[in-house]
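Here is a quick walk through a two-chain model, written for someone who likes the cut-offs spelled out. Have the structure open while you read.

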There are 2 protein chains.
Amino acid sequence: MTTQPTFELYAYWRTSATYRVRVALNLKGLTANERIVNIDAGEQREEKFLKINPLGAIPALVELGHAPLTQSLAILEFLDEFQPAPPLLPQDLHGRARVRSIAAMLAADTHPLITGRVKKYLTATTGMDDTAWRAWQIQWFGTGLAALEQRLAAEPQTGVFCHGDTPTMADICLASIVEMVRIFKITIPDTPTIDRIMAACDAHPAFAAATPSRQAGAPA
Amino acid sequence: MTTQPTFELYAYWRTSATYRVRVALNLKGLTANERIVNIDAGEQREEKFLKINPLGAIPALVELGHAPLTQSLAILEFLDEFQPAPPLLPQDLHGRARVRSIAAMLAADTHPLITGRVKKYLTATTGMDDTAWRAWQIQWFGTGLAALEQRLAAEPQTGVFCHGDTPTMADICLASIVEMVRIFKITIPDTPTIDRIMAACDAHPAFAAATPSRQAGAPA
């Protein structure tokens, strides 16, 4: 191993986007010192953290001597360029586009809809109650995962993982959403291909070590 | 010029994500035959289009002989790898991460909240009316653009464009959001740095040619 630069990761045990970065660090054999931002206590909206990310969202990854990196998709791409092996993207142009498309279906078109800031706004403005919020979660988790299931079941590039037989950014984003579905105990339609791939993720040490319930700050 | 492969772009005149792909094609000097998917008539949810993208969202870019590529961020990365010049990302690792982070703040953390499918759901389930939907648009456009304004004003890499003096994915995503703000006539807080960068985009032929009001199908 070469000398490893110091990373700091602004993180919280249960967030989907933080989980993605943890898995990528694990896959690359990199480590980061975590700085906990308790989003259940609103710490992401405190002045101290807004200097790290004005959007008030975690994760943020800091490489010593550099500005904070934000947005999980951008951080995954950064880590893949920072340390290319093992790769988080396939080598071929169309394969790379497929993996990035799956990652974006989940991290861009599904996850932002069910974040805490959206819940806060809907509760305050429409009086949305817990039952209606749960229906909202089911709607968007269900829509995203059902569309992905169709793709994974139909497309020939699907293997043990979403794209071939090694984990990519697609699996990282998929597992990040499935972990949320588990935490919130959301019932979604049958997704046999996703379930099979998620079992492969669960069995992979880099994913297992990132499981939200095993992180510092998680409830016992 | 080498012989250009045939691209087809499933598109609609006013969508933010389609706009991003049009600008990228223009910057690269590539062309695509457009196939209009009238999302105001719900064509994105018809069986015919769901075979292209099960999520029922445009754009989709088809390179002759290949499977459709979906998700605008993935398509931008594809086009940048397909034809590297002029680049849509800077050369250095941290610069690339910054540009991708800005792109994701807008395309992943802002835009998905104000799409038609979200409006449809909120109208149907909470009875959200036009005034409340407008407040919702202001909330999320405003949050995303205010956070970006802070970054652009503070970070030294900001130049004529979001990152230096040539357009990148960050500008493509920024302009795609500002074009929505214009179409929906949304009033947002002052964003002088964004306004300055948007003026540079407006003056750039690749952006100007992609303006929604100039596309086929736009109202006269």
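## A glutamine in chain A

Leaving aside its neighbours within four places in sequence, which residues is A:Gln137 in contact with? With contact meaning heavy atoms within 4.5 Å, the list is A:Ile114, A:Gly142, A:Phe184 and A:Ile186. A:Gln137 sits in helix 6 (residues 130-154) of chain A; helices here are DSSP runs of H or I with at least four residues, strands are E runs of at least two, and both are numbered from the N terminus. A:Gln137 counts as buried because its relative accessibility is 4%, where buried means under 20% relative accessible area, exposed over 50%, and partly exposed in between (1.4 Å probe, protein chains only).

Before going on, some ground rules: this is a predicted model, where local features need pLDDT of at least 70 and side-chain atom pairs count only at pLDDT 80 or more, while totals for chains, interfaces and linings use all residues. Residues are numbered from 1 along each chain as its sequence is written, chains are lettered from A and ligands numbered from 1 in the order in which they are written, and side-chain values use heavy atoms, with hydrogens and water left out.

## The annotated stretch

An unreviewed UniProt entry puts "domain: GST C-terminal" at residues 92-220 of chain A; the positions are in the numbering used here, the feature name is shortened, and such annotations may be inferred rather than shown by experiment. Over residues 92-220, chain A is 63% helix and 0% strand, and the end C-alpha atoms are 44 Å apart.

## Where the chains meet

On the chain B side, 40 residues are in contact with 40 residues of chain A. About 4000 Å² is buried between the two, with carbon and sulfur atoms giving 67% of that; buried area is the accessible area (1.4 Å probe) that two parts lose on being put together, summed over both. In chain B, B:His94, B:Arg117 and B:Tyr121 lose the most area to chain A, together 15% of what that side buries.

The rule also finds 18 residue pairs in polar contact across the interface, both residues at pLDDT 80 or more. A polar contact is a pair of N or O atoms within 3.5 Å; within protein, one must be able to donate a hydrogen and the other to accept it, and residues adjacent in sequence count only if both atoms are side-chain atoms. Helix 6 of chain B gives the most to the side that touches chain A, with nine residues.

## Salt bridges

A salt bridge is a side-chain nitrogen of Lys or Arg within 4 Å of a carboxyl oxygen of Asp or Glu. The whole structure has 24 of them over all chains, and the count between chain B and chain A is six. One pairs B:Arg96 with A:Glu81 at 2.9 Å, N to O. B:Arg96 is buried, at 18% relative accessible area, whereas A:Glu81 is partly exposed at 26%. Both belong to a salt-bridge network whose members include A:Arg100 and B:Glu77.

Within chain B, B:Arg35 forms a salt bridge with B:Glu8, closest N and O atoms 2.9 Å apart. That pair links distant parts of the chain, with B:Arg35 in strand 2 and B:Glu8 in strand 1 (residues 7-11), 27 residues apart. B:Arg151 also bridges to B:Glu155; B:Arg151 is buried at 6% relative accessibility, while B:Glu155 is partly exposed at 22%.
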